[in-house]
Amino acid sequence: MNSKTRRLFIACALFALILPVAAQSLTIHAEAPLDDAPQSVLEEFFITEDSGAIPTSSVDSIRWNWWCWSEETGSDWPDDDGIYRRDYLGVNASVDADNLLIEHRVDPDEVYVEMEGEVKVVTGDENIRFVQFHLDITPLVNLSNQALLYIVLTEDIARDHHGREAVQLVREMRPEVGFSLKALNTSSVVYELPSDHLEAAGVDLEEEPTGWSYTLALFGEVDNTTEQHQLLMLRHGNLPTPYLHTTPSQQWMPLAFSAVAIIIAATVVSNARKRELMIPQITTGWNDSDMLAVTVRIRAGATGFSITDWKVVEPWLLRGRPPKASLLPHEEKSFNLSFKHAENEDCHIEVGLDLDELGAWRQHIWLPHAATTNELVTSEADA
């Protein structure tokens, strides 16, 4: 690619990139600074058709595991990027069983490119989540025209619908240009893993917001060198989620609140049940032999109590003073109340109690006015 063609390509790429970003309003679901942990080794492994054992990653290395066999095996894993990468690197995954693992290293003594920025999970007008990388890229040396930035999304643990399993499986890869190749010239760019590409790759960041990682790997060569396809810069991190940058205590906060709520609810229920067992049971009925008298039977609950007063709602009037008494837990006593006159309205009686653990309490007793009624009536209680 000559210099003029590359400049035209960069201009078109920038225009295509800026236009959709400016044309749509975005909702940010998660964002995080670009991971700045130093990375020096990138491994690429091509999974075999029979999906045999995948070697574990080397210590302190980043792994891309490629899959190239969806058409042959009926797998729902994406294989187009794997086929592209296989052909680009000249790997024959059917024959080169001993050459399926390729390693790239960043020169530990040289820093060729600096990169800062943010990673965002967003939705646009179609309300489908996708990924944006807002980057500031600064070459510290002049880069060749062949420099490419690979943006790769991997799934930490992937399973296809046949039950195959792979770790760090590449779901989506995008080679990008559009940044300056001149030394000390910073380019501010926005790159995307668009929603339609993610959907085609089987990535749904709304249903499964966690379990994804990103890698930014810049390949190329430095001016006046002969090394081709050199790894110049490597960055890697977890795709941000709303919980990615919370502290351990913050992550446990919802669970802690739920636990406290459960404890409070259990305490309320327990206390309510305990109180219910303490409240006396009172039944009342008209006296068969005296139509101006009622019999009140009181059975104590789990706690003892004292009767402090009796009241009747007008127009009914009590004759004399009803007895006051104390009852032990589970003790039962009967009391006879007499009225001065029979009335045509229902009779409402209140009895004041002093329970040993609950304190002051009032029981409300209702009796229909019909003189022939002989039914027992259960009381209602107020604290």
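**Close-up 1. An open sheet of four strands has the order 1-5-6-9, and its pairing is antiparallel.** Strand 1 (27–33) and strand 9 (187–193) stand at the edges, each with a single partner strand, so one side of each lacks a neighbour in the sheet. The twist averages 20° from one strand to the next. Axes here are lines fitted to C-alpha atoms, for helices over the stretch in contact, and angles run from 0 to 180 degrees between N-to-C directions. Strand 1 pairs with strand 5 (residues 113–123) over six bridges, in the antiparallel sense. One of the pairs sets Ala 30 against its bridge partner Val 121 in strand 5. Strands pair if DSSP finds at least two bridges between them. Strands (E, at least two residues) and helices (H or I, at least four) are DSSP runs, numbered from the N terminus. In general, strands of a sheet pair through backbone hydrogen bonds, either parallel or antiparallel.

The model shown in every view is predicted: local features need pLDDT of at least 70, side-chain atom pairs count only at pLDDT 80 or more, and totals for chains, interfaces and linings use all residues. Residues are numbered from 1 along each chain as its sequence is written, and side-chain values use heavy atoms, with hydrogens and water left out.

**Close-up 2. The largest nonpolar core has 35 residues.** Phe 133, Leu 135, Ile 137, Leu 149, Phe 179, Leu 216 and Leu 218 touch the most other members. Two or more residues each come from strand 5, strand 6 (129–139), strand 7 (148–159), strand 9, strand 10 (212–220) and strand 11 (230–238). A nonpolar core is a set of buried Ala, Val, Leu, Ile, Met, Phe, Trp, Tyr and Cys residues joined through side-chain atoms within 4.5 Å. Buried means under 20% relative accessible area, exposed over 50%, and partly exposed in between (1.4 Å probe, protein chains only).

**Close-up 3. The second largest pocket has a volume of about 350 Å³.** Its lining counts 18 residues, and the closest to the pocket centre are Pro 38, Gln 39, Val 106, Val 111 and Leu 234. Strand 5 and strand 11 are the elements that give two or more residues to this lining. Strand 11 gives the most, with four residues. By class, the lining has 11 nonpolar, two polar and five charged residues. Ala, Val, Leu, Ile, Met, Phe, Trp, Tyr, Cys and Pro count as nonpolar, Asp, Glu, Lys and Arg as charged, and the others, Gly among them, as polar. A pocket is found on a 1 Å grid over the protein atoms alone, as an open set of points with protein on both sides within 12 Å along at least five of seven lines; lining residues have an atom within 4 Å of a point. Grid points are joined across faces, edges and corners, and a volume is the space filled by probe spheres set on the points.

**Close-up 4. Leu 234 sits in strand 11.** Leu 234 is buried, with a relative accessible area of 4%. The C-alpha atoms of Leu 234 and His 104 are separated by 9.9 Å, although these residues are 130 apart along the chain.

**Close-up 5. Strand 13 (residues 293–299) is mostly covered, with five of its seven residues buried.** Strand 12 (residues 281–286) pairs with strand 13 in the antiparallel sense over six bridges. A hairpin joins the two, strand 12 to strand 13, through six residues. Gln 281 has Arg 299 of strand 13 as its bridge partner. Strand 13 also runs antiparallel to strand 16 (residues 332–338), joined by seven bridges. There, Ile 298 stands opposite Lys 333 of strand 16.

**Close-up 6. A cis peptide bond joins Glu 314 and Pro 315, with omega of about 15°.** Pro 315 lies in the loop between strand 14 (305–312) and strand 15 (326–327). Val 312 is in strand 14. Val 312 is buried, with a relative accessible area of 19%. The C-alpha atoms of Val 312 and Ile 365, 53 residues apart along the chain, are separated by 9.3 Å.

**Close-up 7. Gln 168 and His 330 have a positive phi.** Most residues other than glycine have a negative phi, and most peptide bonds are trans. Gln 168, in strand 8 (residues 165–176), has a phi of about 50°. Gln 168 is partly exposed, at a relative accessible area of 27%. His 330 has a phi of about 70° and is found in the loop between strand 15 and strand 16. His 330 is partly exposed, at 49% relative accessible area.

Note on methods:
On a 1 Å grid over the protein atoms alone, a cavity is a set of points where a 1.4 Å probe fits but cannot get out, and a pocket is an open set with protein on both sides within 12 Å along at least five of seven lines; lining residues have an atom within 4 Å of a point.
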